[in-house]
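Hi everyone, thanks for making the time. Please bring up the sequence and the structure on your screens, and we'll walk through them together.

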Amino acid sequence: QSVLLVAAAADENGIDSVAFYRLDNAGAVLLGADGTEPFEWQATAPTDGRTSMLVFARATDRAGNQADSKSVQIGITPPD
């Protein structure tokens, strides 16, 4: 399964990129990044039997400052 992750980000000096992460037991796993608006990434759900995944976006401005979004939980329907 895949899901389209989309984030809105703004800064007075401009946004360089937005990276999308999945939170696992071992920490944050980079799913991918987008350097142009609209900031989005097509993510594939893990196939390890989990029923949900927790994701967040990290925006980086042109000065190198970063800010994280709130985490969002996404439900996963196991394949038949």
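Let's begin with two neighbours: β2 and strand β3 (residues 27–34) pair in the antiparallel sense over seven bridges. Two strands count as paired here if DSSP finds at least two bridges between them. The strands themselves are DSSP runs (E, at least two residues), and helices are runs of H or I with at least four residues, all numbered from the N terminus. A hairpin of two residues joins β2 to β3, and D24 has G27 in β3 as its bridge partner.

Before we go on, a word on what you're looking at. This is a predicted model, where local features need pLDDT of at least 70 and side-chain atom pairs count only at pLDDT 80 or more, while totals for chains, interfaces and linings use all residues. Residues are numbered from 1 along each chain as its sequence is written, and side-chain values use heavy atoms, with hydrogens and water left out.

Now step back for the overall view. The protein chain has zero helices and seven strands. Its C-alpha atoms fill a box of roughly 45 × 25 × 15 Å along the principal axes. Of the 80 residues in the chain, 32% are buried. Buried means under 20% relative accessible area, exposed means over 50%, and partly exposed is in between, using a 1.4 Å probe and protein chains only.

Back to β2, which covers residues 15–24. Seven of its 10 residues are buried, so β2 is largely enclosed by the rest of the structure.

On to β5, residues 52–61. Which strands does β5 pair with? With β2, the pairing is antiparallel over eight bridges. Here S17 stands opposite T60 in β5, and I15 has D61 as its bridge partner. With strand β7 (residues 72–75), β5 pairs in the antiparallel sense over four bridges, and V55 faces V72 there as its opposite number. With β6, there are three bridges, again antiparallel, and A59 stands opposite A67. β5 and β6 also form a hairpin with four residues between them, and G64 in that turn has a positive phi of about 95°. Like β2, β5 is mostly covered, with seven of its 10 residues buried.

Next, the aromatic rings. A pair of aromatic rings is described by the distance of the centres and the angle of the planes. How many aromatic pairs does the structure hold?

For contrast, look at W41 in strand β4 (residues 39–44). W41 counts as partly exposed, because its relative accessibility is 30%. The C-alpha atoms of W41 and Y21 are separated by 10 Å, and the two residues are 20 apart along the chain.

Last stop, the largest pocket, with about 300 Å³ of space. A pocket, on a 1 Å grid over the protein atoms alone, is an open set of points where a 1.4 Å probe fits, with protein on both sides within 12 Å along at least five of seven lines; lining residues have an atom within 4 Å of a point. The volume is the space filled by probe spheres set on the points, which are joined across faces, edges and corners. Of the 24 lining residues, the closest to the centre are A7, A8, A57, R58 and S69. Which element gives the most to the lining? That is β5, with seven residues.
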